[in-house]
Amino acid sequence: MKRIFVDEERCLGCRSCEIACAIKHSSSHKLEKAIQEQPLPISRIRVRKDEENAIPLQCRHCPEPCCVYACIAGGIRKDEKTGLVVFEEKKCVRCYSCVMVCPFAAIKLGEEEQPAVKCDLCQEEEIPPCVRACPTGALFFGQAEEFQELMEKRKKRGKKNALLNIG
Amino acid sequence: MHYLILGNCAAGLNGIEGIRSIDKKGEITLISAEPYPAYARCLITNFLIGTHSEEDLYLREKDFYQKNGVKVLQGKKAVKIFPQEKKVEIDDGKKIPYDALLIATGASPKTLRVKGEEKEGVFGFRTLEDARQIAKRAEKAEKALVFGGGLIGLKAGYALKKKGLAVEVIVKSPRILSRVVEENSSRLIARWLQEKGIKIRTGLAPREILGDKEMKGVILDNGEEVKAQIAIVGKGVSPNLSFAEESGINIHWGIVVDNYLRTNFQEIFAAGDVAETKDLVTGEHTINALWLAAQEQGRTAGINMAGGEKVYPGSIGANAAEFFGLPFISMGCVQARNGEIIKEKKAEKKFVYRRLVFKDGRLTGAVLVGEVEAAGIYMALIRKKDRVENLADELLEGWVDYGKFEKILEGKKGFRETITPDGRLIKLP
C-alpha cells in the first residue's frame, strides 16, 4: 500500500504539514476560516522537535495494529483491501484505550465530546496535503520500495536538500 | 473440523476471526448466553447515560456470523465439558461434539454477601440487561450508591451522575481504584470526581440492604443508615467456569492456559476474562480481565485452534478511562514492590500526574493522569522490554526525543518499521 514515509534528515520542523493537515480536516478547508472554527481543527500529523532533530509522526497503518484490539467500542478496523487502519469516529467514546497502546502516539483527542482522530491518508486526495505542503521533500507518499529507491538516490547524491543549507 | 466456541463477547468474537484467518471452511458453532449479537460490553456505561442505543453497541455488521459461517446457539449455556468424549453439554440437555473448543465464557460480578442483596434495585454492572434495568429504575430514583471503588463501579456511578442522580461511592479500602492506580493518582481522581459532585466515602462497607421488595436504603458497617433507591455492586468479577470444574481442565484462579492459550487438553483453549495467563510484566500467572487482553487472547487462541502457531506474550494489566473530561491511563506494575525505581512528575492543581516505574533498567509500569497522549510509547517500551534506564528522565517529560525512540524501536531511518501487539518489530510493507 501507499504510505507516508519520512526522510527525517530533511525535516526542518517547520510544521507546514501540521497546518496543511488541520486545514484539510477543517470544515471550511481554508486557513483563514479554519483558524476561527470551534472546535479548532486538529492536525493528524504531529512534528516532534528538539534542539537538534525534528520528525513528523502520524499513523503508520500498521500491518498488525495494536489499536484495533484496544478499542472497546469496536470502532477501529484494519481494512484488508486497502491496508488502512480505519477509525469510525462516530463510535468513539473517548476511553483513551487506543492512545494507551499506539507505539507512535499518533492518536489525538481534542476538546470534550470530540472523537479520537488520526491520519486517514486522505483517501480522496492523490497526494495527502501534508506531503504536498512539505517544502523540503521530507515527506514522501508511495510504496515502501519507491521510498527505498528515493532514499538510495538521495544518499548517492550525497548532499542534503538545498533548503536545509539556508542561513 | 468442528470448532466450538463458548461465549460471544470480545474473546469469542476474536476467536472466530482468528480461526477464519486460517481456516475458511471448518464448521464453527458458538454458544451465547445473552440474546444479542456480540456487543461492546464496556459501552453499557454509554447505554446507561443514554447516548448509545442497543444497536450502537453491536461490534460487527449484522451478517457477521452468517458471513463467517458461524452457527449461533443463542440464550444457551454450557453446563458440563467432557474432554475425553470431546463434547460439551448445554443447558437444553444436548451434547455438542467438537474437534477444537474455545472457552470464552467471561466473568460475572461478585456479590456483596449481605442481607437484603436480592432486593430490587441492587445491581451488578456487566450486561446490557443490567444497564437496561438500572436505566429503568433510575427514572424514578434520586440517589444511587456504588459499593466498590473499581473502574466498573465508578463508571456506573459516573453514568448515574450524568443522568442526574445523587451518587455516593462507598469503598472499604482507604482509596478508590486501589487495584488500578497508586495513591497519588487515586487521590487526584477522587478529588476530581468529588469536585464534579460524586461523593466518595472510604473505610466503609454495607452491612444490610433495607427495604421490602425494593431497596430503600442501606445500613453501613458503622451503623449509619443511608437512603438510596439504587445500589451498584462493583466488587470485581469472578470467572464463569463452574461447567469446567469437574472436567479435569486445570483451574487455578481461572482456566490455566499456556503461551498458546491452550489448556492441559490439546484441543481445548481458553481466552478472555475466564482465562489465566502469564502476566507480561510480573511473569506470574493471573487473570487480567480486560477488553484488550480478551481481544488479543481470542484472536491468538483462534489462530492456534486452526493449526497456527501464534505465541501469546502474556497479558498486561492496563486501563484507560475518562471521567468528566479528565483522562487517566495506567499500565503494568504501578507500585514499588521489589526494588523498582519510581520517577514521578506532579502538577496536582492542574490534575496532572505522571509516574513511571522501572525495574532492572526496564520500564515496567506507568500511570498518567490529565496528560496522557504519550501513553502508547510507554506501552511499547513495556512490551518490548528494552533497557531504557538512560532515558528515564526524558521519558518522564512525556516524550522521548524521536531519535532515541527510534533507537528503542531499532527502526531504520524514516520510520519504516513498526511494532506489533506482541512486541515484535516488523517492516512496513
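**Exercise 1. Find how many residues of chain B and of chain A are in contact, and how much area they bury.**

*Solution.* Start with the contacts, meaning heavy atoms within 4.5 Å. By this rule, 53 residues of chain B touch 46 residues of chain A. Before going on, keep in mind that this is a predicted model, where local features need pLDDT of at least 70 and side-chain atom pairs count only at pLDDT 80 or more, while totals for chains, interfaces and linings use all residues. Residues are numbered from 1 along each chain as its sequence is written, chains are lettered from A and ligands numbered from 1 in the order in which they are written, and side-chain values use heavy atoms, with hydrogens and water left out.

Next comes the area. The size of an interface is often given as the accessible area lost when the parts come together. Here buried area is the accessible area (1.4 Å probe) that two parts lose on being put together, summed over both. For chain B and chain A this comes to about 4,200 Å², with 60% from carbon and sulfur atoms.

**Exercise 2. Describe the polar pairs between chain B and chain A, then the elements and residue classes on the chain B side.**

*Solution.* First, count the salt bridges (a side-chain nitrogen of Lys or Arg within 4 Å of a carboxyl oxygen of Asp or Glu). There are 4 across this interface. Glu64(A) and Lys310(B) form a salt bridge, with 3.8 Å from N to O.

Second, count the polar contacts. These are pairs of N or O atoms within 3.5 Å; within protein, one must be able to donate a hydrogen and the other to accept it, and residues adjacent in sequence count only if both atoms are side-chain atoms. The interface holds 12 residue pairs of this kind, both residues being at pLDDT 80 or more.

Third, turn to the elements, where helices (H or I, at least four residues) and strands (E, at least two) are DSSP runs numbered from the N terminus. Those of chain B that each supply at least two residues to the side touching chain A include α8 (291-305), β22 (318-323) and α9 (375-384). The largest share, 6 residues, belongs to α9(B).

Finally, sort that side by class: 29 residues are nonpolar, 10 polar and 14 charged. In this scheme Ala, Val, Leu, Ile, Met, Phe, Trp, Tyr, Cys and Pro are nonpolar, Asp, Glu, Lys and Arg are charged, and the others, Gly among them, are polar.

**Exercise 3. Is α9(B) mostly covered or open, and what follows it?**

*Solution.* Apply the burial cut-offs: buried is under 20% relative accessible area, exposed over 50%, and partly exposed in between (1.4 Å probe, protein chains only). The helix is mostly covered, as 10 of its 10 residues are buried. Among them are Tyr378(B), Met379(B), Arg383(B) and Lys384(B).

**Exercise 4. Work out how domain 1 and domain 2 of chain A meet.**

Then look at the interface. In it, 14 residues of domain 1 of chain A contact 19 residues of domain 2 of chain A. The two domains bury about 1,400 Å², 55% of it on carbon and sulfur atoms. On the domain 1 side, Arg44(A), Arg46(A) and Gln58(A) lose the most area, together 39% of what that side buries.

The interface has 1 salt bridge, and 5 residue pairs are in polar contact. Strand β1 (residues 3-6) of chain A gives the most to the domain 1 side, with 3 residues. That side divides into 8 nonpolar, 3 polar and 3 charged residues.
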